[in-house]
Amino acid sequence: MTVIVDYGVGNLFSLASSLRKIGEPSLVTSDKTEIEQADRVILPGVGAFADAMKKLADSGLADTLKKVAAKGVPMMGICLGMQLLFDRSFEYGEHQGLGLLKGDVRPIVTDPALKIPHMGWNALSFTRPHSLFRFIKEGDAVYFVHSYHAVDCDESVIARAEYGIPVTAAVASGNVMGCQFHPEKSGDVGLNILRAFVSLKERDL
Amino acid sequence: MITKRIIPCLDVRNGQVVKGTNFVGLKEIDSPVALAEEYSRCGADELVFYDITASSDGRKIFTDILTETARNVFIPLTVGGGIYEVTDFDRVLKCGADKVSVNSGAIKDPSLIGRAAKLYGNQCVVLSVDVKRVNDKFTVFAKGGRENTGLDALDWIKRGIDDGAGEIVLNSIDTDGVKKGFDLEMLAAVCEISSVPVIASGGAGCIEDFITLFRTLPKVDAGLAASIFHFGEVAIKDLKAEMARNNIPTRIV
């Protein structure tokens, strides 16, 4: 059973549908006990970092997530959910994140001719092999919508996308993983990443 | 690098896909859900669902279809038609839409763009504009192209972007349904002033029209069309293969 953490940020319909499509039982919940009992956890999110972090902290879910991560439960942050895993974000000020991954979240600074947000389909280039990618191949395109990305995270980055600069696309450190793109909106490639995530075994991490 | 997007548009009325020429003479085609799945399989990068129902019964059928589509199709979905209030944004986003396109609703109440952008983020708000030349001026039309608003299109688009529109769909009424190619002159003028992605709509008749579009106007981010895809005149797989041959960045599935 995969738990999708519901903390009042963003639309979880597509994410839940994508798990149903790959045959993975899922539960959308904000209940701490249910999250703690999950086989794996997905942290979604769209919108502003500070708002989302405040919601996680005020509800006590930030602590639950840290506890679950420390237990070794596979955890995947998606889009803003991935950014929340890092130490800090500099989106409208400086804000603490969950601190589960080393690094900061900063604005994408690139060629001024390129539009921000970085929005649309872009190819993944792998920086190291990872089990999350076992059903996809180098160069497969996934769907991004974001203006900020993780930096100073060389230890955890597993894929980048080229957008004038290398944009951090996916990260992993042990059981804690993240996709800056939306696997639930990335066609078969995205479904195959989710399929890999839900079938991860301890030896894969 | 970000690929150029190919976007089929499905006009939905009474639960079925329709497409007219110059906005009149509607003809019914197929089940929207089946068509959406097929397009996704063939490599469509995004889908636009346009609700052209007037009645509240029809609106319910539309949201049911949208829900069913979002359960089965995993590419971005944009919804337009009948969006007059932020509650309309909420209604379609809950059914699995990713972006919401406003047209007449924003003309009626321009504050809608800013209010929606604040609630759902700029990336969620698409400003769709139907434009026609009137006395050599690009002029905004409302109500499916029937009503001249007198608004200057470039001013209107600039204002929409300032208010928070994250994307522009430019539909040229002058070339819509004519199948002689996109309105490159109008698109060039809009690209010149737009800091957000511009989606070209209206006029595509064959694969070559898309190639010409992206080669002539590299600033255009996406090409949108309806009937040529619905009637099989242009197969998305062939179109994308041709784009790749012309070194236009494209996603091949």
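**Close-up views of a predicted model**

**View 1. A hairpin is formed by strand 12 and strand 13 of chain A.** In this hairpin, 1 residue lies between the two strands, and Gly164(A) in the turn has a positive phi of about 80°. The structure shown here and in the other views is a predicted model. Strand 12 (residues 157–163) and strand 13 (residues 165–173) of chain A run antiparallel and are joined by 6 bridges. Within this pairing, Ala161(A) has Val167(A) in strand 13 as its bridge partner.

**View 2. Strand 13 of chain A also forms a hairpin with strand 14 of chain A.** Here 2 residues lie between the strands, and Gly174(A) in the turn has a positive phi of about 60°. The strands run antiparallel, with 4 bridges joining strand 13 to strand 14 (residues 176–179). Ser173(A) stands opposite Val176(A) of strand 14.

**View 3. Chain A is in contact with chain B.** The contacts involve 24 residues of chain A and 23 residues of chain B. On the side of chain A that touches chain B, two or more residues each come from helix 1 (13–21), strand 8 (118–123), strand 10 (141–146), strand 12 and helix 6 (187–198). The residues of this side of chain A comprise 10 nonpolar, 9 polar and 5 charged.

**View 4. Helix 7 of chain B has buried residues along one face.** In this helix (residues 184–193), Met186(B), Leu187(B) and Val190(B) are buried. Seen down the helix axis, the buried residues fall within an arc of 95°, and they therefore line one face of helix 7. Glu185(B) and Glu192(B), on the other side of the helix, are exposed. Among the elements of chain B that cover the buried residues are strand 7 (125–134), helix 6 (153–163) and strand 11 (198–201).

Methods:
Residues are numbered from 1 along each chain as its sequence is written. Chains are lettered from A and ligands numbered from 1 in the order in which they are written. This is a predicted model: local features need pLDDT of at least 70, side-chain atom pairs count only at pLDDT 80 or more; totals for chains, interfaces and linings use all residues. Two strands pair if DSSP finds at least two bridges between them. Two residues are in contact if their C-beta atoms, placed from the backbone, lie within 7 Å. Ala, Val, Leu, Ile, Met, Phe, Trp, Tyr, Cys and Pro count as nonpolar, Asp, Glu, Lys and Arg as charged, and the others, Gly among them, as polar. A residue is buried if 20 or more other C-beta atoms lie within 10 Å of its own, exposed if 12 or fewer, and partly exposed in between; C-beta atoms are placed from the backbone. The arc is that of the directions from the helix axis to the C-beta atoms.
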